[in-house]
Amino acid sequence: MMINTILFLAGLAVYAGYGISALYLLGVTLFGYLAGRLIPKYRFVMWISVFLQACLLLLLRVRHLLPFSSVIVPVGISYFTLQIIAYHVDLYRGRYEPEKNILRFGLFVTWLPHLFIGPIEPYPRMRDALNARRISRDDFTKGAVRSLWGLFQKLVIAARLDVIVSAISADPKQFRGAYALVAMLFYSVQLYADFSGGIDIVLGISRMFGIRMSENFDAPFFSQSVAEFWRRWHITLGDWLREYVYIPLGGSRRGKWRKFLNTMAAFLVSGIWHGSGYLLWGLLHGVFVFCGDRWKTKSRTGNRIVTFLLVSFLWSFFIWPDTVSALRMAGSVFTVFNYDAFFSGISGMGLGAGDWIVLGISCLLLWLYDWKSRCLKKRFCTFSPAAKVGVICVLTLIILTFGMYGIGFSASEFIYSRF
């Protein structure tokens, strides 16, 4: 009980650094707990809860309507809001009893590592993980290695790619055509290294405390279709959308066109979850997911390349500030042919020769890890304690030597902490 209290207060203390947003987090936690206690007896409370939280989340996605939202609202609000909604819906469905211990429920919402970027953890899994918490040397070592691997992705790979992507996106009039194509391809890898790296840090720190959380990625760039990509990318969000949007609307049980509409509805919600400027991004993903395997060829490599290109082009909505600019820059790839100028201009965008070498080797390591992750994890388990400590020391040295650190670096700098 004492450890739960300390961890709960630690989450609130960190949010206190963002101003009065800690009061918002505390208020949402108390509301979630009290509403959960009422739902089994007063079932209409679930509808009120979902309506209020969905409306608030929608308003916060249109921040200009709330001039003080940046002060009141903490980063990562979408993650714990979806967790509380799922908790209340499951209570309404009678899947489990409401949590009576307010500290245990508070820790479910405010568990510090996953507050900023997820994963979106179901209540039963988080409850069982907290109840089964046992700190062991094996868990601590595995958690430390995974956290360091996440820092490697964030500070060595994503930070370098951000230099190029930021330079290109800062001047869309000058950097079009080949520059836009490279920005989209680089951003795809940058976002993955940033988000997956952040999740690895969350899962690693949790593992060090003896808490095992849900995986959120499964080598998404090995996908052979956009539908498969969404089964491998941001897995917990996909599970949430399927469980609480797609299936309640009927899923695939009511014919092809109803399945299409349900798929589009789920990805419309995904677009709104990311922000008001991502509706078209969500709808386009819905179309590609519905098409599923229809566009696949007999070439596995070809399918993976096409999927990577499609997903990368859709990230244009994340790179440029509005939908029109994103569409214009994506279209410039096919209308502006400046590839000769690109190869001479890319060298002057902030990365030296050494950075390019480090980036190339690091991306290769990331690709190899995703390809052979299961084998590597099994192999690591066979290492002696001294060898495991050696791996930790080597990763630490690499990060300290090759990591890029911005001024005032903080957890809020992870890209997906914005959503």
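1. In which loop is Ala 219 found? Ala 219 is in the loop between helix H9 (178–208) and helix H10 (226–232). Its phi is positive, about 45 degrees, although Ala 219 is not a glycine. Helices here are DSSP runs (H or I, at least four residues), numbered from the N terminus.

2. A note on the basis. This is a predicted model: local features need pLDDT of at least 70, side-chain atom pairs count only at pLDDT 80 or more, and totals for chains, interfaces and linings use all residues. Residues are numbered from 1 along each chain as its sequence is written, and side-chain values use heavy atoms, with hydrogens and water left out.

3. Gly 118 and Pro 119 are joined by a cis peptide bond, with omega about 5 degrees. Pro 119 sits in the loop between H6 and helix H7 (123–131).

4. Now the H5 and H6 packing. Helix H5 (residues 77–92) packs on helix H6 (residues 102–110) at about 135 degrees, with axes 9 Å apart. Axes are lines fitted to C-alpha atoms over the stretch in contact, and angles run from 0 to 180 degrees between N-to-C directions. H5 and H6 are therefore oblique to each other (under 35 degrees is roughly parallel, over 145 roughly antiparallel, 65 to 115 roughly perpendicular, the rest oblique).

5. From H5, Phe 80, Gln 83, Ile 84 and Tyr 87 contact Phe 105, Phe 108 and Val 109 of H6 (contact: heavy atoms within 4.5 Å).

6. Phe 44 lies in helix H3. H3 gives the most to a nonpolar surface patch, with five residues. The patch covers about 830 Å², and Phe 44, Trp 47 and Ile 48 are among its residues.

Conventions:
Helix = DSSP H or I, 4+ residues; strand = E, 2+ residues; numbered from the N terminus. Patch = residues over 30% accessible without salt bridge, like charges linked within 9 Å, V, L, I, M, F, W, Y side chains within 5 Å. Areas by Shrake-Rupley, 256 points an atom, 1.4 Å probe, with all protein chains shown as cover. Salt bridge = Lys/Arg side-chain N within 4 Å of Asp/Glu carboxyl O.
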